[in-house]
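Biologist: I would like to learn how to read charged side-chain contacts in a structure. Could you take me through them step by step?

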There are 2 protein chains.
Amino acid sequence: MIHDRIAGGPVPVTIRAMESTSVPSGGSSRREATRQKLYEAAVTLIAEQGFSATTVDEIAERAGVAKGTVYYNFASKSVLFEELLRHGVGLLTASLREAAEQSDRDGGSKVDALDAMIRAGLGFIARYPSFTQLYVAELWRTNRAWQSTLMVVRREVVAAIEDVLREGVAAGEFSDEIDVPLTAAALVGMVLVAALDWQAFQPERSLDDVHASLSRLLQGRVSGSRTA
Amino acid sequence: MIHDRIAGGPVPVTIRAMESTSVPSGGSSRREATRQKLYEAAVTLIAEQGFSATTVDEIAERAGVAKGTVYYNFASKSVLFEELLRHGVGLLTASLREAAEQSDRDGGSKVDALDAMIRAGLGFIARYPSFTQLYVAELWRTNRAWQSTLMVVRREVVAAIEDVLREGVAAGEFSDEIDVPLTAAALVGMVLVAALDWQAFQPERSLDDVHASLSRLLQGRVSGSRTA
DNA sequence: AGTTTTGCACTGACCAGTCAGTTCAAAAAA
DNA sequence: TTTTTTGAACTGACTGGTCAGTGCAAAACT
């Protein structure tokens, strides 16, 4: 329980992809492949059952390795979880920012950029539903070991959206009366919950379809006259 | 057990337990009062730590009750949790439906009703932040004992919103192109996440303030010309 | 070449501690 | 009296984490 021993050399962990990138390719040592398997096993189990209810034995079994291997690769159960969080949110923010930049490059407006981000968010959630579940479930918890990691990681996501909102306000495209942080949070929530519901209850629907519904809601065409 | 709670430290989120509602006159036996105390204790602990990480001993201690009392009043830890869930969502849906009905009685439009529900939702979350945390954290989990309870309870909430949306569509107030279930889910998500962020990161803001921001977002005045 | 050594990655039985749930005699309300 | 609560002891299963030992492929050596 108590680690008097300070990790002598914090190994720079290079996390690759979340799901198996069918190509082990060069550079990936045996260890790296094992880490990958552990991430994949952990993300689904924790999404389903929660962190505390998921045992290290389960993770090891699912990954097809011995329990000791988990502790050979990660200092503790929570460290494994934290690295999983960081990695996943890294992918998400990269995807969001990339979408916004692409929209800008195409000469789109900031509304277009926001729309592109919503689409990117939906795409991410569709690709990594387990990670999203896990993130939502842990985000507002307090008094947890990885509280600080969670805060850092949340800030990254929200900031990506806030940036676009602010640019839009500066460009006169959005009302300058909007509350940027709150609106960003609300948008995250809208996409998050809509996407999780989509995945959970109407998985047969297409991304385009869901995206269109959310765009409509966002652009205020809900409370308006019937569109032609 | 280890109680390393830092006394008097900065409390990140002031969590108010589910206090007794406006004096439930009937059935207020001694047992009922004990149950209430147990709900209050359980809701905060589980919101903070999650179900699995919360022990029955902790709940009993927090409620100021012996452990045996917990098992005298509830068959098991998960039964306690399920009843807590049902109780809390009952309060929420009642609040939402009451808000919509009140708006109707005042001769408001369906947009007004929706707005009133958003306000009611924010009010509920502000009053019972712990319950909300707990609900969000468990909602999309799978393979859990209380899965069915959770589904029933979710349906109640979403249905309350869907009803108003449908009425609005029928009255020609909302576009008939909107996707009612998805829009309802998105609205829930918007309010949920915005409110939790409000409570966690800007608790000093007023409900009116937050409500105004969300109304603005919903009515599409985000992407529009600057309002006068 | 063939042989020996090195050390990384992995193993799984094991340990010390924890937890949900039980039991029950006695006390305190009602 | 009857109902409800108490509080402590107890059980049996489970859990995070440990550690002496294994396997093996690439070096080092002869």
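Biologist: Is Asp104(A) buried, partly exposed or exposed?

Modeller: Please keep in mind that this is a predicted model. A residue counts as buried when its relative accessible area is under 20% and as exposed when that area is over 50%, with partly exposed in between, so Asp104(A), at 34% relative accessibility, counts as partly exposed.

Biologist: Which side chain does Asp104(A) meet in a salt bridge?

Modeller: In general, one looks for a side-chain nitrogen of Lys or Arg within 4 Å of a carboxyl oxygen of Asp or Glu. Here the partner of Asp104(A) is Lys110(A), with 3.1 Å from N to O, and Lys110(A) counts as buried because its relative accessibility is 14%.

Biologist: How far apart are the closest N and O atoms of Asp209(A) and Arg205(A)?

Modeller: They lie 2.9 Å apart, and the two residues form a salt bridge. Asp209(A) is partly exposed, with a relative accessible area of 33%, whereas Arg205(A) is buried at 13%.

Biologist: Which parts of chain B does the pair of Asp208(B) and Arg119(B) link?

Modeller: Asp208(B) forms a salt bridge with Arg119(B), their closest N and O atoms being 2.2 Å apart. This pair links distant parts of the chain, since Asp208(B) belongs to helix α9 (residues 207-218) and Arg119(B) to helix α5 (residues 110-127), 89 residues apart. Asp208(B) is partly exposed at 46%, and Arg119(B) is partly exposed at 33%.

Biologist: Which residues do salt bridges that share partners join into one network?

Modeller: Arg97(A), Glu162(A), Asp163(A) and Arg166(A) are joined in this way. Over all chains, the structure holds 24 salt bridges.

Definitions and conventions: Residues numbered from 1 in each chain as written. Chains lettered and ligands numbered in written order. Predicted model: local features only at pLDDT ≥ 70, side-chain atom pairs only at ≥ 80, totals over all residues. Heavy atoms only, no water. Buried < 20%, exposed > 50% of the residue type's maximum accessible area, 1.4 Å probe, protein only. Helix = DSSP H or I, 4+ residues; strand = E, 2+ residues; numbered from the N terminus.
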